[in-house]
Amino acid sequence: MWLRARLGGQPFVYDAHELFTEVPEVVGRPIIKRVWQQVEKFIVPRATLAYTVGPAIADWFVQQYGQPFAVVRNISRLEVAELPPMPMAAPANGYILYQGVLNEGRGLEALLDAMPQVKTRLVICGEGDLSASLREQAQKLGLLASGQVEFRGFVLPDELRLITQQASLGIMLLENRGLSYYYSLANKFFDYLHAGVPQLIVDFPEYRRLNDLYDVAEVVELTPDALAAAINRLLFDDPERYHQLASNCRRARLELNWQREEQTLLVLYATLLQPASVPA
């Protein structure tokens, strides 16, 4: 893409939706990582415009390459439709929800190990490299036969939004398998928030920063016992805290939404319309 832009005398835009050279699939393969690092070192400084999904990754790029990086967060669009009535406590017929790919470093193994201690069910929407092994783990734990865990596979966006709104609790867990995960700001964080659903998060910089501002989640350690304790406390033992988190989600979505974030993107692309030299 850089070569095509260069040959056509056009601006080259680098949109980094993750820190690719630090994703688990690359970090664990040293030769592959070195190859992609060389590509990154060549490409990034030559971008006419560069932006990414969160301040932590933007700061990393600035430190590495001295290249200015803007931030455009990948936040859900604020829908005008009303959310379900505000719950005073976790819905009795609700469920825990994980939405996203089933890959390494998503905390799913620990979550499944926690489920025998949890008094509700888990719905998993998505597929990935760990699809077979996670189903096997759930089967060995007796979670499939009991119906406590349900794998729904790939789900269309409109259906997923409805599934998310009906959930009691969202799961946003990551393992520190590289800087891309550690500095991430996942879509699902905002999807749960926009559905008015409290969530469990790990203590990584971007999630901690937003949660300090809006208080929409509980920070947990990624162990089966800690996960089970946090889930049971929120859903069954502390309705006041659950109501507080759900209420905060509804307020936060009015500030954290794509309608606001897209204004930043429009301003960035407007700079490309101004006469400027294309980097060599």
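The legends below describe close-up views of one predicted model.

Residues are numbered from 1 along each chain as its sequence is written, and side-chain values use heavy atoms, with hydrogens and water left out. Because the model is predicted, local features need pLDDT of at least 70 and side-chain atom pairs count only at pLDDT 80 or more, whereas totals for chains, interfaces and linings use all residues.

**View 1. The largest nonpolar core and leucine 200.**
A nonpolar core is a set of buried Ala, Val, Leu, Ile, Met, Phe, Trp, Tyr and Cys residues joined through side-chain atoms within 4.5 Å. Buried means under 20% relative accessible area, exposed means over 50%, and partly exposed lies in between (1.4 Å probe, protein chains only). The largest core has 60 residues, and Phe189, Leu200 and Tyr207 touch the most other members. Helix H11 (residues 224-237) supplies the largest share of this core, six residues. Helices (H or I, at least four residues) and strands (E, at least two) are DSSP runs, numbered from the N terminus. Contact means heavy atoms within 4.5 Å. Beyond its neighbours within four places in sequence, leucine 200 has contacts that include Leu169, Met172, Val220, Leu227 and Leu234. In soluble globular proteins, nonpolar side chains tend to be buried together.

Phe20, Ile31, Ile32, Val35, Trp36 and Val39 make a nonpolar surface patch of about 500 Å². Patches are made of residues with over 30% relative accessible area and no salt bridge; like charges are joined within 9 Å, and nonpolar side chains (Val, Leu, Ile, Met, Phe, Trp, Tyr) within 5 Å. Accessible areas come from the Shrake-Rupley method with a 1.4 Å probe, and for residues only the protein chains shown count as cover. Valine 39 lies in helix H3 (residues 30-43). Its relative accessibility is 37%, so valine 39 counts as partly exposed.

A salt bridge is a side-chain nitrogen of Lys or Arg within 4 Å of a carboxyl oxygen of Asp or Glu. By this rule there are 15 salt bridges. One of them joins the side chains of arginine 77 and glutamate 262 (3.6 Å, N to O). Arginine 77 lies in the loop between strand S3 (70-71) and strand S4 (96-99) and glutamate 262 in helix H13 (residues 258-270), so the pair ties together parts that are 185 residues apart in sequence. Arginine 77 is partly exposed at 41%, and glutamate 262 is also partly exposed, at 21%.

Arginine 209 and glutamate 206 form a salt bridge, with their closest N and O atoms 3.4 Å apart. Both residues lie in helix H10 (residues 205-214), three residues apart, about one turn of the helix. Arginine 209 is partly exposed, with 34% relative accessibility, whereas glutamate 206 is buried, with 2%.

Two strands pair if DSSP finds at least two bridges between them. The sheet is open, with the order S1-S2-S3 and parallel pairing. S1 and S3 stand at the edges with a single partner strand each, so one side of each is left without a neighbour in the sheet. Strand S1 (residues 13-16) pairs with strand S2 (residues 49-52) over four bridges, while S2 and S3 pair over two bridges. Tyrosine 51 in S2 stands opposite aspartate 15, and the bridge partner of tyrosine 51 in S3 is alanine 70. The covered face of S1 carries Tyr14 and Ala16, and its uncovered face carries Val13 and Asp15.
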